[in-house]
Every structure is written in C-alpha cells, then in structure tokens.
2 protein chains.
Amino acid sequence: MITRMSQLFVRTLREDPADAEVPSHRWLVRAGYIRRVAPGIYSWLPLGLRVYHKVEQIVREEMDAIGAQEVRFPGLLPREPYEASNRWTEYGDNLFRLVDRKGADMLLGPTHEEMFTLMVKDLCNSYKDLPLFLYQIQIKYRDEARPRAGLLRGREFVMKDSYSFDMDQAGLDASYQAHRGAYIKIFDRLGFDYVIVNAHSGAMGGSASEEFLAIASNGEDTFVVSPGGFAANVEAVQRRPAAEQDPTDVPAAKVHDTPDSPTIDTLVAQANALFPREDRPWQAHDTLKNVVFKVTHPDGRTEALAVGLPGDREVDVKRLESAVSPAVAEPFTDEDFQARPKLVKGYMGPLALGLGQLADGQTPPPDAVRYLVDPAVVPGTRWLTGADEFGKHVADLVVGRDFTPDGYLDVAEIRDGDLAPDGSGPLSLARGIEMGHIFQLGTKYAEALGLKVLDANGKLQTVTMGSYGIGVSRAVAAVAEGTCDEKGLCWPRAVAPYDVEVMSAGKGDQIADTAERIAAELAERGVCVLLDDRKASPGVKFADAELLGMPTSVVVGRLLADGKVEIRDRKSGSARQVLVGDAVAEVLAEIGR
Amino acid sequence: MITRMSQLFVRTLREDPADAEVPSHRWLVRAGYIRRVAPGIYSWLPLGLRVYHKVEQIVREEMDAIGAQEVRFPGLLPREPYEASNRWTEYGDNLFRLVDRKGADMLLGPTHEEMFTLMVKDLCNSYKDLPLFLYQIQIKYRDEARPRAGLLRGREFVMKDSYSFDMDQAGLDASYQAHRGAYIKIFDRLGFDYVIVNAHSGAMGGSASEEFLAIASNGEDTFVVSPGGFAANVEAVQRRPAAEQDPTDVPAAKVHDTPDSPTIDTLVAQANALFPREDRPWQAHDTLKNVVFKVTHPDGRTEALAVGLPGDREVDVKRLESAVSPAVAEPFTDEDFQARPKLVKGYMGPLALGLGQLADGQTPPPDAVRYLVDPAVVPGTRWLTGADEFGKHVADLVVGRDFTPDGYLDVAEIRDGDLAPDGSGPLSLARGIEMGHIFQLGTKYAEALGLKVLDANGKLQTVTMGSYGIGVSRAVAAVAEGTCDEKGLCWPRAVAPYDVEVMSAGKGDQIADTAERIAAELAERGVCVLLDDRKASPGVKFADAELLGMPTSVVVGRLLADGKVEIRDRKSGSARQVLVGDAVAEVLAEIGR
C-alpha cells in the first residue's frame, strides 16, 4: 500500500502549539497527527489514527490470546448503576452528567465497572461460567480539572478495560497474573521502556494493585525503586513508622518567644540562638510542622484535617489527594482560619489539634481538628513546634508524654534516599506515565450490584473481580514521548504509521520514476509505504521525514547518477548507500520482512 | 480460530424481549448479540461485536479504495462550531447538551459536518489540496424522541460519515459519483436487498441527494418506484401540479347548509342529497379539506399553517415533518382554535385562510394563517369546502376566481398508482430502512465556517462539499432484518460472526473428539469456527445453532457410526451427509475457501 504525501491529509507546522507542555504533544501536533478541539479533547488526523489503530490491534491481540472476550458498552449511560455503586456522587466534578429530553439523568462513562458487573449478572449464573475475562476498547469521558499534555491527560480518551470474574481469591490471583502477563507482552511490543510498580488503588477500592509506567521525565507520576527490587508509585509508598524513643531524659516541654520565625529555617536559626539544644544544634527535622486542610467529602460534608510532619519535608499534594480520595483536600484559607481562632496560623501546635480521647459514641467538640502525623512522629520523639500563640514555639514536646495524635498519615514527599518500606534499601525517584493499571477489585462492585452465582454446592456466592486498564490513546503519546528526539517523532516499527518512507529528493523524471518504482515494489511485498512525491525541495522533505518519524527512509536523489540510493535509519540517524537494484531487498531485510 | 460455546460469553433467551417490535431486534437480543442498557442505547456482546467489526471493515475497505482518508473526531464537542452553523439551535431536543465543570456548553456530536469543515480549513489552503475525501467511523448521539427497533433507531450509534471537498460543482459531481460507487460495493458485499432512491435532504441543506434503503417490510421509510425507473423516498416526492382548468362554466360559489357533516363521507353524501352537482355526483376528491398546524421554529417562534388538500387524501405526517424541518409541526389543539375564532373547526374554508396579497415590507394581520395547498388545487379547479360557519359548506369555490392560496405544499400521502413526477408511470409503494445517504451539501457549511482556498488564479474561493453517511451499527440490524427467518438469525457469509459452527450432537468421546478434530483442521486453514462443545442435548444445540445463525454447520452425531457427518446450510435448511474424512474439504468448498 502506497500513500502519497502530495495527497495525504496532513500539514506540518514549523511552530510549537501554544499549549504544548511536553515533547509528545508538541511533535504530534506539529507533525499533523492530532489536532486540539477543546481542552483535553483531540481529533485524530490520518497519520495519528494509523498509529492508534496499530496500538489498538496489539492490545486486542494480546487480550484475545489470554481468552478475554471483547464486548462494547455505550459511552452514554443511565445514572442508576452508578448510583448503586455510589460513584454518581464519588466522581464529583470529574463526571460529565447530562439530562435527556425525558428528564432522565445520564452520564458519560468514566469507566465501566458497573456495566460489566451487571452484564455478567445478566448472563451468568453458575460457577461453571467462570472464570471469565471480558474487555472492551471504548471511549471514556472524564471532566479532568487540569487536562494537559495533549493525549496524556485528556477529557475524552480511549481505554481498553477488562475485568475478570472468579469464584475465589485463588481464581482472582490466577486471573490477575494472566492479565499481568498480557500487559507485559503488550508493552514489550509497543516498544518503550516501562516499569511495573505497586500502586495505590485510589477510588477504585480493592487490594493488590500494580501500575505499568512508561519511564518519562515529563510523566505525571513519580515512582520509586530500591536496589532490593521494591518499586512503587509514590502514592502507594507507606513508610515504616520510625523506632519509638525513650523520652526519659527529654526535658519538660517549654514555651519560648520566637519573635521572627515565619519559616522553618528562621525558626531553627532562632532556636539555636535563643535556646540551644543540649546535645547538638536544632535542625529542620527536629521541628514539627502542622498543615491544615479542608477536606470535602463526595456528599458535600467538610472537615478540618491537620497533618503533622517534620519541618524538613513538605506535604506531597498528590499523595495527599490519593490518601483522602474520593474526598478532596484544599489548604486552609484565611477565612477558614478566622473561623477557628484556636488555630494560630504559622504557630499551630499539637496541643490545639486532635479530637482527643473519645469514648464510643461521643462526638468531638465542633471546633476540633483531626490530627494525623507522619510516620516519623512516633511515641517518645521530641519536637520543636508551634505553641498556638503568635510569635511563640514550644520545645521538647514529646509524643505520648505531652500529646497524642489521632493517627498516622504518610503524605510527606518521598525523597531520594528514603528507605524502602520492605527493607530493600534506599529509594530512588523517577517519573513515568501511567500506561496500565491492574488490580484486584474483590467484591466491591459484585456486592453493590448483587452479582452472585451458584457454587458447586448450589449456594449463591458473590463473585470476585479484577480490573485491568490500558490507556490506548495515551499509549500513542507515551510511545511518542519515549522515542521522539529533537528533530521530531521516531516511531518503533510496531506502531509506525508506515513501515517505510520513500522520498524523491531532487528534480527530474528519473528520480521521481525510480522513487515510484521502489515504492511500488515494496508495496507489492506488503510493505506500507509513504511516498513523498511532492514538488518540494530536498531540504523540506528531509525535515518533514524527520518530523513525521517513519523508522526507515529511502532517499532517491543525486546519488542516482551513480546508480545508488540512500537508506536512512530515523533512530540512529545513520545512512548508507546501496545500489538501486538492491534497494528493495535491503529495505525488506532492514524492516524484518 | 476456534471459539468454544462452553466458554463463549452468551446466553440465549427462549422469550422475546418485551420491547421488541421488529424481528432483527428480537433475534439479536434472544441470540445474545446485544443487550439494552437504556432506551435506544445498547451494549454489544461478543457475537454482536464480531458482526459489527466485519461490517465496519467492509465499509473501511471500500472507503479506502476510493482514496478517502480516515480521521476521527471526538464525540464530545464544544458549542461554538455548532452555533456558527445554527445547528446548536436547529437540532432542538435531538441534541444531547451538557455543561462542563468550567461552565462551558458542550454537546455530543449528532453528526460532524462542522468539525470536518473546520479541520479542512485548518489544514488546506489551495486548490491543489483538493479534491479531498475524509471519513470517520465514530459514535454519534441523538436524543431521539422515539428510539425504537433496537439498533435500527438508537440514541447512541455508529456512523461512517465522509465528506468531499471540491472547487466546483463538476468536482462535487465526480466526488458524489465516487461515493455512490463505493456505497454500491459496500451494500452488495453486506448481502441484503437494497434500493437507491431520491431523498429529501431534510435539515442538511444542499441539493442532489440519494438514499440507500434496505428493503424491509418493517422499515421506517416508505419509498416509491415507477415502471420507468423513478425511485424516491416518499418524503422527496413532489407531485406535478395538476393541469389548470378553465372555470368559465363553473357556477358562482354558493353557501349551503350541511347540518350533519363531520366527515368528508358525510359531507359528500349530504351534498349529493341537498345540492347535487350538474355533471356527476360529488366525490371525496371534489372536496377541499383544510388542516391547520402550529409550526414551531428552532428559535421558538411559532406560526399557524393551513394545508388545503383534496378530501380523499390525508396529510402524511412524515412528509410534513420533512417539508417544514428544522421547524416542527403539531396539529392545532382546541386551545389553538379558541385563540383564532375566525377558524371554525370542521368548517374551515379558504376564505378565512391565507396571508392575502401583501406588498413588500407589509406584514400580514396577526391572526392571518399561511395557507398552502396540494398540487391538485390549481387555478381554475372547483371545490366543495368549508364556509367558515358551523354547519355550512360552500360549493363551486374556484381557485384564482374566488380565492388565492399562498403557495403549494405537497405533503399529502402518496398512494399506489399516483403518477411519478417524471412521467415514468404509476408509483408503487414499499418500505425500507435507511442505510446510507449521500448528498451534495454545496457551500452551506463552508460558508458558515469560512472554508475558502486559493484557486488557480490566487483568489479565495468557497469550497463545495458533499456529505455521505452509512449507519454502521444499524447495518448489523438491517442485515439481520433482511436475512432472519422464523427460527432466528441467518447471516450472510461476509458478516457472520463465525464461518462455520461445528457441533457434537450426542454422547461419547468419539463424537466429541471428531468434532474437535474437524474444528481444529478448519481453524488451521484459517476458518473461524464456533465449536458447540457443551454438554447439552442435540435438540438444544440444533435450536441454538438456528438461533445464532452461522451460515454453515457441521453436525457430528449418530451418523458417525456409519462414518458420516452432516453439513447443514442455515439459509436453505438443507442437510447432506458426507464421509468424515471429506468433511473439511466439503466445508471449505461450501464456504468458498
């Protein structure tokens, strides 16, 4: 098959799009693969759609290979199933909702757990029908607060989502492993570097959960790995509590004037000047910083939450988001502080925080603030922290002796060198793009929607589910992101829109005819060829070839006078001259046909 | 490839679904091809999706073959382009509208003319870029007032829509013919009977327009054909005005008491009794019936419209809808009549209707009613009609002499035997399902959205467009509708989910093993096999095989004792016995491999 550039519906751009934050976005737009229609919503042009179809087909083949059966649910869905699972509410503003002409509430499917569960409930009634793997490749809609990076975080996108249905945990484990294996094959075939990490399962519920991340410095996700093999999304890292300390020798807590200490650094400097510590200088990690958030639950209920953590760390917003999900946390505003005069901004301490020791059924006072602390803040540790009065701090406040938090919350930023929770050594941080997510849902949806089948003894038993997703449209961008360079796109062969570009680079019929002939011979052998037959200068064609990114190019140009053409490799940039008569065979060998 | 019935995600139903109005809907649900999620919204089960994918692929191949390039637009779209074309308003309640989290108005694309037009405007700027054919296969959303018949009229459905872009009418004509040719190939391959008819282009604007209708007694569309080759959707039939008459000898109009004449029949009987006509008895077609409607325009403006037509015909609601579209017409209610006391219900006549002869810029009186008449109501014709007084009619009212309508409107029902407007003979009526629609849009969208390119002289020129649609998901139902019988589905080979079903019909390892072996040998030769390996009775398997509708079945059963198996043809119901050793070869020959 030959496509002629002179007829291809494409226009390459010399300028970056204004909203392009990451290379894949920049190049996919500039090379004419996609176009923006609205924030987070894109159209596919012919070149982009060819890549998309190839990715889709790889995903489909590997799902079929593990015996998964393809179905397709609508994008437009009734409210009721999502009401039953509580996600109509939990999804909050991320859900596109609408009302039809008869007044019925509807939504655009952000994910289809409910629909799969109901479908299996409709069709299956016996353990003999299980295990069962179902999947679909379908458009999803999420009204992201911050759509960004082109296809990487869109509001309309394509996912492959599959679900496994089993009678018990052992079955679920096997189904999970089957999907894990299929995902490894898919990502290996797509041809980019990836890592498999433990994942927090967020709003989805369930237990075992892993993510497949494309390694990318621009990725939205941060992950950690240890020398001993620990790998996790930072959102899923739960640091081990520090060792408890014996506070016997710690002096009694004492309040000090710290008149000019708006930051941790100034506080430490003042402390060392005004009330030096007996054993060593005060350091940032001796201070206990308290940050307070307003947490809004999906049902609209709000509560105040204070997080206490060592002063040398910040709260990681994404880890916090993940920890409180499906609720949403926002920093306290000046107004929020005014409403709670006990909280002295900049000088908050543990003594003004916490719900206290409540007996069963007792409710905390209305102005009480839930107080959760970092795993470093264990019993016996001593802290320099706010004294709940403007310009004052308290030193040697000891956990367990002087105050008792309401619990732990590990939402501090993870740092290079932090220890892996499994004892496998210090963590290194890197970034990635979430490409796949597999997790054991368990019975959450089956219970909410009543999916039960008869077991071997004729008793009804709730089905156990696994959920497995791949961002198909996102994968196009992730492959682009992982393979592009400073000249443009650089596709792996498995997903390139065309196997080969053949280019006539120079004037005269002989050059054009030779390019046509080589293209025709390759096409006859089943190669998909992009023929640059435009009346344009070699310079323009070279630049576009690099921008468009076919893995192999054949340049028919001045060398033809010597009976030669050039075969170029997009990735390495290398070029070699071959005799015209050998060109087709050389290309076939190079592309592995 | 082999799929085992024991593992296939399917459940056949013995009962018809409650809402099934047409055979295709009934069988697709009962055979486990689709499931209803909400009114007009369906999920695809594995068998249905296989048929869908085959239809999609046939459409794609034929579009590619005429050089059309595939793109894909989002389903979720911003309001602005549809505002520019006025369709945000014109679509009325048929459009699914929603508001995103930032308050932006959005819609679910009912069709994508605007998006294609803008995309070409973005990428093309010269006549050298044309002609251009673009297409997509994408989900569409329309909030139909009366979703019905399963996939035949849904609210979420898949269309292939393509557009051609040309510099002039000659180019558009050629593009139109190219698409027409591709559509003929597509519908020939799909394997059902169809007819190509002239079509009213409805809300789409434009001129030349044809529909491809699957011939089906349950079809929503009515079409006519004549012996001389005229073929049109009834909505597109414009009867020729009758010959004008010389009214010289017609007596002066005279009002008669017709005390008990609520219907045309009673009126005719009374007229013949009370004031007989001089030449022959009064007949129903001598009466002029006036029907008045409230027409609501997309912008909310309403007007009264009276239609005058011979008393032996009724207004065809669909022809009226099509004629007034995008406005909507509803019959006058009692309230509407009360608001216009000049209109005497049951006794309305031309003298109370019509806007009168208005000079330029003059507006009609506020209670005036626009009056359009049937093409039979031409100057010189004489009529028996209402006298605008209860219990009175007027005879011998002559068009042109006694009253002048505001114009013609041909919305009377078309009847078998009516003459074709092109003089090609009497019309016959039949019904069909609209499967494809091709039409010359012209410059409507290009003008609304500013799509111009430079012509050969360097002048900007508005592009001329054609629009070509196929209902891809509807085609699945149309094929089912056109081929099913009283036992179930009966797929043509081109779209059957599996080429062959192999069935073990009887107990014992030998039967099961033989079925397995035949299935395996067929699969090795590239045949897609559905193997019914269930532990079920032959009767259940036979019934399911007929319900599911694979074109060819191999039955391995009792005949195996004689070394034979049976090959069954689903369509003819014929069965023949062949030696086990010949079975694979016989099947391959039968299915044309």
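**Thr552(A) has Asp569(A) as its bridge partner in S29(A).** The structure is a predicted model, in which local features need pLDDT of at least 70 and side-chain atom pairs count only at pLDDT 80 or more, whereas totals for chains, interfaces and linings use all residues. Residues are numbered from 1 along each chain as its sequence is written, and chains are lettered from A and ligands numbered from 1 in the order in which they are written. S28(A) and strand S29 (residues 564–569) of chain A pair in the antiparallel sense over four bridges, where pairing requires that DSSP finds at least two bridges between two strands. Helices (H or I, at least four residues) and strands (E, at least two) are DSSP runs numbered from the N terminus. With S26(A), S28(A) pairs in the parallel sense over five bridges, and Ser504(A) has Val556(A) as its bridge partner in S28(A).

**Both faces of S28(A) are covered.** Thr552(A), Val554(A) and Val556(A) are buried on one side of S28(A), and Ser553(A) and Val555(A) are buried on the other. A residue is called buried if 20 or more other C-beta atoms lie within 10 Å of its own, exposed if 12 or fewer do, and partly exposed in between, with C-beta atoms placed from the backbone. Five of the five residues of S28(A) are buried, so the strand is largely enclosed by the rest of the structure.

**An open sheet of six strands in chain A has mixed pairing and the order S1-S27-S26-S28-S29-S30.** Strand S1 (2–4) and strand S30 (575–579) of chain A stand at the edges with a single partner strand each, so one side of each is left without a neighbour in the sheet. From one strand to the next, the twist averages 25 degrees. Helix H13 (residues 538–548) of chain A lies across S26, S27 and S28 of chain A and runs at about 170 degrees to S26(A). The angles run from 0 to 180 degrees between N-to-C directions, and the axes are lines fitted to C-alpha atoms, for helices over the stretch in contact.

**Chains A and B meet at an interface in which 40 residues of chain B are in contact with 40 residues of chain A.** Two residues are in contact if their C-beta atoms, placed from the backbone, lie within 7 Å. The elements of chain B that each supply at least two residues of the side touching chain A include helix H2 (46–65), helix H5 (113–123) and strand S8 (132–141). The residues on this side of chain B divide into 26 nonpolar, three polar and 11 charged; here Ala, Val, Leu, Ile, Met, Phe, Trp, Tyr, Cys and Pro count as nonpolar, Asp, Glu, Lys and Arg as charged, and the others, Gly among them, as polar. Of the interface residues of chain B, 100% are also interface residues in chain A, so the copies meet through the same surface.

**Chain B is superposed on chain A by a rotation of 179 degrees with 0.1 Å of shift along its axis (RMSD 0.3 Å).** The two copies are thus related as by a two-fold rotation axis. Within chain B, the C-alpha nearest the axis belongs to Leu98(B), at 2.6 Å from it. The superposition is by least squares on the C-alpha atoms of residues with pLDDT of at least 70 in both copies.

**Helix H5 (residues 113–123) of chain A is mostly covered, with eight of its 11 residues buried.** Among the buried residues of H5(A) are Glu113(A), Met115(A), Phe116(A) and Leu118(A). In the loop between H5 and strand S8 (132–141) of chain A lies Pro131(A), and the peptide bond from Leu130(A) to Pro131(A) is cis, with omega near 0 degrees. In chain B, a cis peptide bond joins Leu130(B) and Pro131(B), with omega about -5 degrees.

**Asp388(A) and its backbone have a positive phi near 65 degrees, in a residue other than glycine.** Asp388(A) is found in the loop between strand S19 (382–386) and strand S20 (392–398) of chain A, and is buried, with 20 other C-beta atoms within 10 Å. Asp396(A), which is not a glycine, also has a positive phi, of about 60 degrees. Asp396(A) lies in strand S20 of chain A and, with 19 C-beta neighbours inside 10 Å, counts as partly exposed.
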